[in-house]
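I opened my notebook today to get to know a new structure. Here is what I looked up, in the order I looked.

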Amino acid sequence: MQLNQFIKPYAEEINGNFSEYDNLRSVIVVPLDMDRQQALVAELDEDSKIITIFSKVCIADDKIRFKDLLEENHR
């Protein structure tokens, strides 16, 4: 699977910005409402052929209740 050949057209379709790190990793900057943006990293695991997409949401802090966030996300 060619990760960047898959991700780049998607970034163009949503009027985002695409940056290639290497053959296994790329970044899309996604436009959001109210002139905001979110950077997403797409990473290909060549063995399993799975693309993982992740994004930094906030700085981790001891006050964050991660279990509650996961449960809310599940709902």
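This is a predicted model: local features need pLDDT of at least 70, side-chain atom pairs count only at pLDDT 80 or more; totals for chains, interfaces and linings use all residues.

**Overall form**

I began with the radius of gyration, taken over C-alpha atoms. The protein has 15 Å, whereas a compact globule of 75 residues would come near 11 Å; that rule is 2.2 Å times the number of residues to the power 0.38.

Residues are numbered from 1 along each chain as its sequence is written, and side-chain values use heavy atoms, with hydrogens and water left out.

Next I looked at the extent: the C-alpha trace spans about 40 × 35 × 25 Å along its principal axes. I found 2 helices and 4 strands, in the order α-β-β-β-β-α from the N terminus on. Both kinds are DSSP runs numbered from the N terminus: helices are H or I with at least four residues, strands E with at least two.

**Cover and charge**

How much of the protein is buried? I read 16% of the 75 residues, where buried means under 20% relative accessible area with a 1.4 Å probe, protein chains only.

I then looked up contacts, meaning heavy atoms within 4.5 Å. Among those with a separation of 6 or more, 10% join residues 24 or more positions apart.

For charge, I noted 9 positive and 15 negative side chains, with the centres of the two sets 6 Å apart. Lys and Arg count as positive, Asp and Glu as negative, and His and the chain ends are not counted. Each charge is placed at NZ of Lys, CZ of Arg, CG of Asp or CD of Glu.

**A look at S26 and A42**

I found S26 in strand β2, residues 25-31, and A42 in strand β3, residues 37-45. They are 16 residues apart along the chain, yet their C-alpha atoms are separated by 5.3 Å.

Is S26 buried or exposed? It is buried, because its relative accessible area is 0%. A42 is buried too, at 4%.

Leaving aside neighbours within four places in sequence, S26 touches residues including L3, N4, I7 and A42. On the same terms, the contacts of A42 include L3, I7, S26 and I53.

Which side chain makes a polar contact with the side chain of S26? I found N4, at 3.4 Å. A polar contact is a pair of N or O atoms within 3.5 Å; within protein, one must be able to donate a hydrogen and the other to accept it, and residues adjacent in sequence count only if both atoms are side-chain atoms.

Key
Buried means under 20% relative accessible area, exposed over 50%, partly exposed in between (1.4 Å probe, protein chains only).
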